[in-house]
Amino acid sequence: MKPIISKLTHKLLLSFMIIFLLSCLIGWFYFDSSTQYNQHAQESDHTHDILIKYASVAKLSLEKLIAMGEIVRTGQVQTPQLKAEKAQVLRQTLFDIRQILLHKLNDNKHISINLELQAYDQISQKVERILATNNEIKLLVAENKLSQAKKLFSLLQKQNVDTQFNLLIDKAVKQEQQQAELIRKSVNQLYHTNNKILLTALAVMSLFTLFTFWYFWRRINLSTKQLLWATQEFTAGKLNHRIAPQNDFEFQFLAKSLNNMAEQLAEQQYQLNLAKRSLEEKVQQRTYDLELSNKRFAQVDQQRRQFLADIGHELRTPLTIIRGESEVLLRSQSEEVSEYQQVLACIIDEVKHTTALIEDLMLVARSSAGQLTLQRSQFNISQLLNELFDTYQRKALEKQQQLVLNSMVTDLFIEADERRIRQVLMILLENALIYSKSRAQNEIQIHVQKEFIAIKIIDQGIGITDNEQQQIFERFYRGNRSKAKGSGLGLPVAKAIIDAHDGHITLKPNEHSTGSTATILLPWHFKEKVEI
């Protein structure tokens, strides 16, 4: 039975969502409480304003009554304009009270202001009666009807208008005071209730937050300890250690990744061990090859010394001949021109031989230094081979040998140094004739390939061994089995020229007969190939 895998991130998001909702609930409750506080504050302000206005109405009305008594007593109307202004202020104050009552009703549709409106209407009627009586008294005084004015004022006093007005004012003030007391009680109740709710909500959210923190800390701590222990085991090289399956999806995924990493590291370690063993074997092989190379270098050095000795001998012989012939010519007292010409011709031949030897040495040296320059041009190599075939066919007949040209191509153009290619072919043809015995049949073949042109010169000479095959193109090397004269620079010169053309040259023994085959591969080196 597979264990139930939970996603820790889902739980974490759910916990954050619950905390967020609790925070929003607390915020909404705080906003609602603030709104209620603001509403009660507005109601309290309205009640306070009404009380102030009623006090002002009482004060102004009392002043009106006093002013009427003063008019009746003195029979004179003092400052009528000021009296009119006070009457206007009294009416404006009553109007302001009505507006405040209407604002209370608009701000809170649930309250009833009928009693307050009734009290307001009664006060307004009393005020209007006082003002009307005041105006009548002022008119009678102005018409010198003072007795009637006094009767009207006595009537007003007998009706106890001032007492009734004060009672109405007290009633209205008590109503507003009761409203203020209700507002105060409601605010206190709201304060205590809101505090309890807020404290409860904060306590619940705090406990839930602490529980959430503890729960996730415990789950993460247990999993991270296992992962940490696994990494320490992997670091110590114990790649066989595996992390146990985790309950949470995220840590199970991470555990699988670490286990896969350990498997890959173990596989890579195994491959590295194999590579190490292979490298050790290669080092041993390279060491063995290096020892062979050292032996080979020793042989090359020995050959170089032998070659220098041969070169010294080769140069000494023509120089000795040139010196001897020159001394003979100087001591000769003959007057025959032909004798002098014969001696000079011999000297010129020796100079040519020495110059060719030096040129070969310089060519091989330049090739080794990468400084061999070529005079490239496009020429017909088929025509060049035909010319060389005609020349060396006569030489072959002189040696009682045969030379065959096997080519189906009449016009074959390549881009190369014609003089150097001629030199290479002459070297190979010379070697084929020198090393072949009488009645031998030598052959020249031409093969056309996609990227190269192949020229083969097949002889029936003494052949070549495997050891000679590896060293035949090296400088200073001369075959031990060869008794032919020469400096041993022919094949190194040929290889240097072919390498400079980005080509390839080989000399291998024939498979089913005596002799050897020299193969030259030359690239075309021009874009448009001639269709053959």
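**Figure 1. The end of the chain, residues 526–532, in a predicted model.** Over residues 526–532 the pLDDT stays under 50, and for this stretch the model has 12 contacts beyond four places in sequence. The structure shown here is a predicted model, and the mean pLDDT of its chain is 77, with 80% of the residues reaching 70 or more. Residues 1–5 also have a pLDDT below 50, and this stretch has 5 contacts in the model beyond near neighbours in sequence.

**Figure 2. The chain as a whole, as a setting for the close-up views.** In the predicted model, the secondary structure of the chain comes to 11 helices and 7 strands. The chain has 532 residues, of which 33% are buried, and its accessible surface comes to about 34300 Å², with 56% of that area belonging to carbon and sulfur atoms.

**Figure 3. Thr517 in strand β7 and the residues around it.** Strand β7 covers residues 516–523, and Thr517 lies within it. Is Thr517 buried or exposed? Its relative accessible area is 15%, and because the cut-off for a buried residue is under 20%, Thr517 counts as buried. The side chain of Thr517 makes a polar contact with the side chain of Asn510, at 2.4 Å. If the neighbours of Thr517 within four places in sequence are set aside, the residues in contact with Thr517 are Lys456, Ile457 and Ile458, together with Thr506, Leu507, Lys508 and Asn510.

Figure 4. Which residues make the nonpolar surface patch of about 490 Å²? The patch is made by Leu14, Met17, Ile18, Phe20 and Leu21. Among them, Leu21 can also be placed in the secondary structure, where it lies in helix α1, the helix that covers residues 8–74.

How values were computed. Residues numbered from 1 in each chain as written. Heavy atoms only, no water. Helix = DSSP H or I, 4+ residues; strand = E, 2+ residues; numbered from the N terminus. Buried < 20%, exposed > 50% of the residue type's maximum accessible area, 1.4 Å probe, protein only. Areas by Shrake-Rupley, 256 points an atom, 1.4 Å probe, with all protein chains shown as cover. Polar contact = N/O pair within 3.5 Å; in protein donor to acceptor, adjacent residues only side chain to side chain. Contact = heavy atoms within 4.5 Å. pLDDT = per-residue confidence, 0-100. Patch = residues over 30% accessible without salt bridge, like charges linked within 9 Å, V, L, I, M, F, W, Y side chains within 5 Å. Salt bridge = Lys/Arg side-chain N within 4 Å of Asp/Glu carboxyl O.
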